[in-house]
Amino acid sequence: MELFYVAVFLLSALAAAALEGTRKTETGSAIANRDFLKFRNNYVLVYALMMAGDWLQGPFVYALYQEYDFDRAAIGQLFIAGFGSSMIIGTLVGSLADRNGRKKAALTYVATYTFGCFTKHWNNFHILLVGRIFCGVATSLLYSAFESWLVAEHFKRGFEGNWLGGTFSKAVFIGNGLIAIVAGLLGHALVEVFKLGPVSPFDAAALVLVVGGVYIAATWTENYGDSADKAPFHVSLVNAGNTIWQDPRVGLLGAMQSLFEGSMYTFVFLWTPALSPDGEHLPHGMIFACFMVSSMAGSALAGRLLAQGSGYKPERYMQTVFGVSAVTLLVPVAYHLQRTSEASSLDPNAPGITFEGKVQLLAFCVFEACVGLFWPSMMKMRSQYLPEESRSTIINFFRIPLNMFVCIMLYNTSALPLAAMFGMCALFLAGCALCQRQLARIVEVEDKQFELSDSNVNLLSTGNKTLPEV
């Protein structure tokens, strides 16, 4: 393994450790509340196990399909099946969480994703296609049911709202950072060191998911949307759609989530061919670990920014984050603009990563740091602006345009060069920055109106106290 990968990993790890080690701790009341600490640790453990099941697969999906000798167009079709099922079936299944229970939805995630892992054992396009459909449903549940359960359970137990941001940042730091790094290194060891084959990371993922599912079944209580028992399912869908349409804050959050995650998922499909355009051999597990430790640094920075009393608001600083992420994905545009073709498969005897690949890898690590900032910041904003009774439904509605965008990109993967696809992603990330700027303006106006109203109430109250008796 080249020293370059080790250096990138260590530098990113040092940045993450420095940011996490110097961040502010929770308020004294949060530390003293043992029930809250027990609750938070339970959720973080569950989230870590669920994300481990996802991260173990991440760096090896594309490589496995290449190992099965599928060309880029066929691989694109498999990815389209996953995102398409997430857009249609996943939206409906995920939306049922508000009505039928978020714990049940979490266990459904475990079952569907485990089945998807088992299908990776067959070098058969149609079996793999079915597996991708199940994995697409699981993805919708992963990014809606768990967050919805946490927010509802947090307030149901009477905990303070300002403690929620700390839970989000810690869960992302561990689940999307530390666990992802361990998963990447473990997957690399299973494939490259122990030579257990390209399917071994998926078997490990299935085992972790089952363990997590047993823990959820044993320790979680069920919760629902506030009005889950009052409206039929189709009415809940209509109400969620009306909320997105009528509340500009919710609509802008949905636009940002769709544009950013759409670009992020497209990046997952593109980074391997971008770094190995001529079939260079890549240590996928180590590169994935570099990405995740960079994301870990971003989530650690988010923890500092979201800390109570920090003075920073996600509505403001996320404008910069989106702008930086757009610039990072313009780097591969510059390198691939003149290329007309890429290798359809990897050559294990080919030389390692080129200088151009190293520059792109550094840019991709910065992008992953922006991803680490995005997750807890977006979760915090959603906890503030989404109504509890339809939280999971709205989050899944947000995923419809992002899955549609990814499907369109992947459907045209054989027709569009890498530079065009990366350029499109950069353009959408710039759109995120504009949406975030508009949300910040709306929130600023609302805050000023609230302060003015509060000031008028205080003046009236003071005036009533000083009125002379007649």
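Reply: Helix α5 passes helix α7 in a right-handed crossing, where right-handed means that the near helix is turned clockwise from the far one by less than a right angle, and left-handed that it is turned anticlockwise. The model is a predicted one, in which local features need pLDDT of at least 70 and side-chain atom pairs count only at pLDDT 80 or more, while totals for chains, interfaces and linings use all residues. Residues are numbered from 1 along each chain as its sequence is written, and side-chain values use heavy atoms, with hydrogens and water left out.

The axes of α5 (residues 72–100) and α7 (residues 125–142) come within 7 Å and cross at roughly 40°; axes are lines fitted to C-alpha atoms, for helices over the stretch in contact, with angles from 0 to 180 degrees between N-to-C directions. Helices are DSSP runs (H or I, at least four residues; strands are E, at least two), numbered from the N terminus. The two helices are therefore oblique to each other, a class left over once angles under 35 degrees are called roughly parallel, over 145 roughly antiparallel and 65 to 115 roughly perpendicular. The residues of this contact divide into 12 nonpolar, nine polar and one charged, where Ala, Val, Leu, Ile, Met, Phe, Trp, Tyr, Cys and Pro count as nonpolar, Asp, Glu, Lys and Arg as charged, and the others, Gly among them, as polar.

L92 also belongs to α5, and at a relative accessible area of 42% this leucine is partly exposed (buried is under 20%, exposed over 50%, partly exposed in between, with a 1.4 Å probe and protein chains only).

Turning to charged side chains, the structure holds 13 salt bridges, each a side-chain nitrogen of Lys or Arg within 4 Å of a carboxyl oxygen of Asp or Glu. In one of them K104 pairs with E222, the closest N and O atoms being 3.3 Å apart; K104 lies in helix α6 (residues 102–118) and E222 in the loop between α10 (200–219) and α11 (233–246), so the pair ties together parts that are 118 residues apart in sequence. R249 meets D247 at 3.1 Å, N to O, and R249 also meets E446 at 3.5 Å. The pair of E446, in helix α18 (residues 418–466), and R249, in helix α12 (residues 248–275), links parts 197 residues apart. D247 is buried at 18%, whereas E446 is partly exposed at 32%. D98, R102, E388 and R391 are linked in a network of salt bridges.

Aromatic pairs come to 30, counting rings of Phe, Tyr and Trp (its six-membered ring) with centres within 6.5 Å; planes under 30 degrees apart are stacked, over 60 edge-to-face and the rest tilted. F36 and F159 form an edge-to-face pair, 5.3 Å centre to centre with 75° between the planes. F36 is buried at 1%, and F159 is buried at 9%. The rings of W149 and W220 have centres 3.7 Å apart and planes at 5°, so this pair is stacked; W149 lies in helix α8 and W220 in the loop between α10 and α11, so parts 71 residues apart in sequence are tied together. Both tryptophans, W149 and W220, are buried.
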